Amino acid sequence: MNRSDFIFTLATLADVDQLVVLEQGLFMTDHSSRKNLRYLVQRATVIVAKTPKTNKIVGFAILLGRKNSCKKRIYALGVTASNRNSGIGSQLVAILENAADKANCTTLTLEVGDRNKAAITFYNKCGFKQHGFRYGYYKDGGHALLMHKNLTEEPEEKNRSGCVIMRSG
């Protein structure tokens, strides 16, 4: 399957149970509670990728930001192992970039575990650059790379992962 075989939509409260299970399966530590995910679905931008026939969530992304800030933060992004390299992750990033752009934001930031080489490679392909490091950032003592992407710079070319800025207007 490729990314066109999935439905990308805003999460609803009906998606929270699936999000809890998915997040626990994807991340080894620092899981969001059901209560926190319910709150985020109601207050933040939470995008889910679903299979059209079963409505099963196979990927998600959460975007946070302060009302009057020019920065938005990718709080979480994950895709099931069986659906990786299908373009879902890059489509989720593109949707978040578009949402940030519509909110007049110029920068996207994120943290990623320094041992998560696949995610670091993915974010680099999407145009994110490391700008910092946090020791002992995660509950298990793991360290985090701090990454950012300037949304006002046009990409030099489309990269192989399909990460491109989807501008509106």
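Student: Which residue in E3 stands opposite Ala49?

Tutor: First, some ground rules: this is a predicted model, where local features need pLDDT of at least 70, side-chain atom pairs count only at pLDDT 80 or more, and totals for chains, interfaces and linings use all residues. Residues are numbered from 1 along each chain as its sequence is written, and side-chain values use heavy atoms, with hydrogens and water left out. E2 (residues 45-50) and E3 run antiparallel with six bridges, and two strands pair if DSSP finds at least two bridges between them. Facing Ala49 across that pair is Gly59.

Student: Which residue in the turn between E2 and E3 has a positive phi?

Tutor: E2 and E3 form a hairpin, and six residues lie between the strands. In that turn, a phi of about 65° belongs to Asn55.

Student: How many residues of E3 are buried?

Tutor: Here buried means under 20% relative accessible area, exposed means over 50%, and partly exposed is in between (1.4 Å probe, protein chains only). Strand E3 covers residues 57-64 and is mostly covered. Of its eight residues, the buried ones number seven.

Student: How many helices and strands does the protein have?

Tutor: Helices (H or I, at least four residues) and strands (E, at least two) are DSSP runs, numbered from the N terminus. Their order is β-α-α-β-β-β-α-β-α-β-β. That gives four helices and seven strands.

Student: Why do the buried residues of H4 lie on the same side, and what arc do they cover?

Tutor: H4 spans residues 117-125, and its buried residues are Ala119, Ile120, Phe122 and Tyr123. They share a side of H4 because their directions around the axis cover an arc of only 160°. The arc is taken from the directions from the helix axis to the C-beta atoms. So the arc asked for is 160°.

Student: Which elements do the buried residues of H4 pack against?

Tutor: The face turned away from the buried side carries exposed Lys117 and Ala118. Contact means heavy atoms within 4.5 Å. The packing partners of the buried residues are E4, H3 (88-102), E5 (107-113) and E7 (144-150).

Student: Which residue that follows H4 has a positive phi?

Tutor: Look just past the helix. Phi is near 95° there, at Gly127.
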